[in-house]
Amino acid sequence: MSWYLTLPIVIPLATAILVALQRSGAAAGRWLSVGGSFLLLAAAVALVAQVWRHGVIVAQMGSWAAPFGITLVADLLSAAMVAITAIIGLAVAIYALADIDARREALGYHTLYQVLLAGVCGAFLTGDIFNLYVWFEVMLIASFGLMVLGGDKAQLDGGIKYIALNLVSTVLFLSGIGLLYGLTGTLNMADLHLAVREVEQTGLVTVVAVFFMVAFGIKAAVFPLFFWLPASYHTPPVAVSAIFAGLLTKVGVYALIRVFSLIFTQDIGYTHALLLAVAGLTMVTGVLGAAAQDGFRKVLSFHIVSQIGYMIMGLALFTPLALVGAVFYLVHHIIVKANLFLVSGVANRLTGSFELARIGGLYKSAPLLAVLFLVPALSLAGIPPLSGFWAKFLLVKASLDIGAYMIAATALVVGLLTVYSMTKVWAEAFWKPHPAGTAPVMVLLDQRERLALLLPIAALAALTVAIGLFPEPFVAFAERAAGQLLDPTAYVRAVLGDVR
Amino acid sequence: METALAILVGLLVAASVYLMLGRNVLRFLFGLVLLSNAANLTIFAAGRLTRAAPPLIPEGLAAPADLVANALPQALILTAIVIGFGLLAFTLVLVYRAYLALGTLNSDRMRYAEPHLDDDPKTMSQPEQQAS
């Protein structure tokens, strides 16, 4: 058994149990959460190093041989996703020190948070499609708890919509698994890669593929299925919004990438063309929706939708370069988007509102925060020296290479509209004087709070700049990850051994 | 038998879609219960229905002697039932809490998270005058 694979799941679960054992509301709980997240980061870095050096690594749970037992497996994409989960997990755990009130702590915020991280890591590491369903459920139930924890009216309202649509997606996913098992007789994803090719009724396989597309599409918030996201993401505390915005929809994107590169590649002309259309529409509706919003977090929520479109576009084009772009975009987006939500929380603390019309004057009174907003905002929009530029560049180049001019044009126009949206937030929240005439100053927060709130923001912004200035190692990493996705023989052989 | 189950699944899905399209959140929840049961039946039918023996291996043998039933779909369904039960129990409590807090089960009137521009926040979630 490989500890590299089990630790990223065991550490958050153990932390969750330890936190739950604390006296409710005790300060020890939040520090345990930070400590556990730190250990998770260490385990994730070890995992990435291991996969980078030795290729795909595999662990058979309970030593049951591959197609029969549950397999944990990490290729470069999985490892990278676990690492980015750990980074965001640590950043948000620190931010939560100053953001989560005592009442929510007493209700078990930190326990749920760690269970969420365990669920996300489990979903990235499993090599069994039914086990993927189980990890999705772990993640979902923890996210349900976090979404409505505290019980504000807006939270309950948003929570119902979030939960309702996610449960529908879960049922579709489950039906898809059942039908796929009926067709192939296996649940191991590497084994499915081989077994799907032997199914004679290819039409049925495509039908099942669409089941998975819709189920993961709801989770990933793609075009006709995203309505739960802007209805709910602006209602919970900022730390919760940030971890949701960073990670949860991206688990859906990861699942789409995994399933549509490993299992359902038998009818690319249909499935991936459908995905491409969905990607374009997702980008456009997301960015137009954002333009119509006037709340800080509501604008950001719609931008999640729009950005998901870019990642799906990379998957849908299905060329080596496009997949490199998709992987790069995934990592870049998680950092940037979580960071923007964190900034919105500080802006709210200083000015007293999320409504753009009611806030302002931050540039004058909190210039550091203004800079820390500009870095992820410009990166999101794809301004050259930052990470978002390279992500968009790779995707647009990939689409031009194969003559997909429509989607390239869409991506560029949506990028432009993203600049417009970010400019609006900048002008309203930072440049315009505060409507009430008060200058929001940093001194409103005490020293400890300032550190807990700004440290993660600054660290994530630094990471964005670092990826932007030195993209080569990240692109090289993404290239190898994409190579493994396009040619899964190494993955299959690592899981099944040399049986076939 | 497969045909009968397929028709049953179809009926369950049709009924659940009908329920879920209603405005009442509780009806949506009932629809979801039906839908998850339809999914469980789908797995059951997809795992092939046979009149075979239970999958037990007689003493002294390494493999079952006769054709035995496939235990895996049933294990999947059990897992799905347990998970589904937990999620639905949670959702039911949530709907109840939302009813207490927002004073309505009509999803059209649940506008707290996304108020209309012309909504007056003071009157938005007053309990409905008459339960409909």
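Predicted model: local features only at pLDDT ≥ 70, side-chain atom pairs only at ≥ 80, totals over all residues.
1. Make-up of chain A. The secondary structure of chain A consists of 21 helices and 2 strands. Its radius of gyration is 22 Å, close to the 23 Å that the globule rule gives for 500 residues, so chain A is as compact as a globular protein of that length. Along the principal axes, the C-alpha atoms of chain A fill a box of roughly 70 × 55 × 40 Å.

2. Burial and surface of chain A. Of the 500 residues in chain A, 65% are buried. The accessible surface of this chain is about 16,400 Å², and carbon and sulfur atoms account for 71% of that area.

3. Contacts along chain A. Take the contacts in chain A between residues at least 6 apart in sequence: 82% of them join residues at least 24 apart. Individual residues in the later points give examples of contacts and distances within this chain.

4. Charges of chain A. Chain A has 26 positive and 22 negative charges. The mean position of the positive charges and that of the negative charges are 9 Å apart.

5. Make-up of chain B. Chain B has 3 helices and 0 strands, and its pattern along the sequence reads α-α-α. Buried residues make up 32% of its 132 residues. The accessible surface of chain B is about 8,500 Å², with 64% belonging to carbon and sulfur atoms. Among contacts in chain B between residues at least 6 apart in sequence, 46% join residues at least 24 apart.

6. The interface. How many residues of chain A are in contact with chain B? There are 34 of them, and they meet 36 residues of chain B. The area buried between the two chains is about 2,900 Å², and carbon and sulfur atoms give 78% of it. On the chain A side, Lys153(A), Ile160(A) and Tyr181(A) lose the most area to chain B, together 20% of what that side buries.

7. Ser399(A). This residue lies in helix 17 of chain A, which covers residues 387–401. Is Ser399(A) buried or exposed? Its relative accessibility is 0%, so Ser399(A) counts as buried. Leaving out residues up to four places away in sequence, Ser399(A) touches Met313(A), Leu317(A), Ala404(A), Ile407(A) and Ala408(A).

8. Ile257(A). Helix 11 of chain A, residues 238–262, holds Ile257(A). Ile257(A) counts as buried because its relative accessibility is 1%, and buried means under 20%. With residues up to four places away in sequence not counted, Ile257(A) touches Leu77(A), Leu315(A), Leu330(A) and Leu485(A). Ile257(A) and Ile141(A) are 116 residues apart in sequence, and their C-alpha atoms are 23 Å apart in space.

9. Phe318(A). Where is Phe318(A) placed? Phe318(A) is in the loop between helix 13 (296–317) and helix 14 (320–351) of chain A. The phi angle of Phe318(A) is positive, about 55°, although this residue is not a glycine. At 15% relative accessibility, Phe318(A) counts as buried.

10. Arg48(B). This residue also has a positive phi, near 70°, and is a residue other than glycine. Arg48(B) sits in the loop between helix 2 (25–46) and helix 3 (72–102) of chain B. Arg48(B) is exposed because its relative accessible area is 52%, and the cut-off for exposed is over 50%.

11. Ala42(A). Helix 2 of chain A, residues 27–54, contains Ala42(A). Ala42(A) has a relative accessible area of 43% and so is partly exposed. Pro8(A) is 34 residues away from Ala42(A) along the chain, and the C-alpha atoms of the two are separated by 9.1 Å.

12. Ala427(A). This residue is placed in helix 18 of chain A, residues 405–431. A relative accessible area of 31% makes Ala427(A) partly exposed. Ala427(A) and Val19(A) are 408 residues apart along the chain, with 42 Å between their C-alpha atoms.

Notes:
Residues numbered from 1 in each chain as written. Chains lettered and ligands numbered in written order. Heavy atoms only, no water. Helix = DSSP H or I, 4+ residues; strand = E, 2+ residues; numbered from the N terminus. Rg over C-alpha atoms; globule rule 2.2 N^0.38 Å. Buried < 20%, exposed > 50% of the residue type's maximum accessible area, 1.4 Å probe, protein only. Contact = heavy atoms within 4.5 Å. Areas by Shrake-Rupley, 256 points an atom, 1.4 Å probe, with all protein chains shown as cover. Lys, Arg positive; Asp, Glu negative; His and termini not counted. Charge placed at Lys NZ, Arg CZ, Asp CG, Glu CD. Buried area = accessible area lost by both parts, 1.4 Å probe.
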